[in-house]
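Please take a moment to look at the sequence and the model before we discuss them.

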Amino acid sequence: GSLTLYELIDIEAQRLSMNLNFDKEELITLFKEREQLNTTAFTDFTAIPHIVIDKEDFFSLTIIRCKEGIKFNDKFPSIKSVFLFISSKNLRKEHLHTLASIASLVRDSNFEENWLNAKNEHYIRDLILLSERKRMTKQTK
């Protein structure tokens with residue numbers, strides 16, 4: 001069903017705090033502060049809430065589809081795809097690569113239709129993993 005961004009953050013912070021052995025309220029505060037600084041809604045369909053935490057070598061990505069929509073704010077009242085992630089400060093490079101990869105994925109002209117029509121989590125996983133996007137490669141000199 002539909003929910004608000006803060007309801008989503010509360011649900012995810014509860015789950016993540018157990019996996020991370022990290023304070024739930026601190027996660028909620030970090031996500032709320034991040035959203036208040038600048039919305040993480042990338043389009044009116046997709047949002048990418050993301051934070052960096054003080055914990056070594058940690059990365060977590062949660063992918064959420066809500067056909068009924070998640071209300072981020074008045075400008076973005078019905079986000080259908082959310083890529084919520086947390087990373088450690090020492091994984092900043094991976095954090096930025098993840099943002100770029102998600103941005104590339106959701107810019108595909110068929111993304112929204114494919115996202116809504118995916119039959120289950122396996123189809124969503126394939127949509128993400130099998131998508132065409134620019135790959136980062138090291139250039140040699």
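What volume does the largest pocket have? It is about 290 Å³. That volume is the space filled by probe spheres set on grid points, the points being joined across faces, edges and corners. The search ran on a 1 Å grid over the protein atoms alone, and a pocket is an open set of points with protein on both sides within 12 Å along at least five of seven lines; lining residues have an atom within 4 Å of a point.

The model is predicted: local features need pLDDT of at least 70, side-chain atom pairs count only at pLDDT 80 or more, and totals for chains, interfaces and linings use all residues. Residues are numbered from 1 along each chain as its sequence is written, and side-chain values use heavy atoms, with hydrogens and water left out.

Returning to the pocket, 16 residues line it, and Leu-61, Ile-63, Arg-125, Ile-128 and Leu-129 are the closest to its centre. Helix H5 (121-129) provides five residues, the largest share of the lining. Strand E4 (59-71) and helix H3 (92-106) are among the elements that supply at least two residues each. Helices here are DSSP runs of H or I with at least four residues, strands are runs of E with at least two, and both are numbered from the N terminus.

Let me turn to the overall fold. The protein has five helices and five strands, in the order β-α-α-β-β-β-β-α-α-α from the N terminus. For 141 residues, a compact globule would have a radius of gyration near 14 Å, and the 15 Å of this protein agrees with that. The radius is taken over C-alpha atoms, and the globule rule is 2.2 Å times the number of residues to the power 0.38. Of the 141 residues, 40% are buried, meaning under 20% relative accessible area with a 1.4 Å probe and protein chains only; over 50% is exposed, and partly exposed lies in between.

Next, the aromatic residues. The structure contains four aromatic pairs, a pair being rings of Phe, Tyr or Trp (its six-membered ring) with centres within 6.5 Å; planes under 30 degrees apart are stacked, over 60 edge-to-face, and the rest tilted. One of them joins Phe-45 and Phe-111 edge-to-face, at 6.0 Å centre to centre and 85° between the planes. Because Phe-45 sits in the loop between helix H2 (24-37) and E2 while Phe-111 belongs to helix H4 (residues 111-117), the pair ties together parts 66 residues apart in sequence. Phe-45 is buried at 6% relative accessible area, and Phe-111 is buried at 1%. Ring pairs link Phe-45, Phe-83, Phe-111 and Trp-115 into a cluster.

Which strand holds Thr-46? Thr-46 lies in strand E2 (residues 46-47) and is buried, with a relative accessible area of 1%. Beyond its neighbours within four places in sequence, its contacts (heavy atoms within 4.5 Å) include Phe-83 and Phe-111.

Finally, Ser-60 belongs to strand E4 and is buried at 14% relative accessible area. Outside the four places on either side in sequence, Ser-60 touches Leu-16, Leu-84, Phe-85 and Ile-86.

Definitions and conventions. 1 Å grid on protein atoms, 1.4 Å probe; cavity = no way out; pocket = protein on both sides within 12 Å on 5 of 7 lines; lining within 4 Å.
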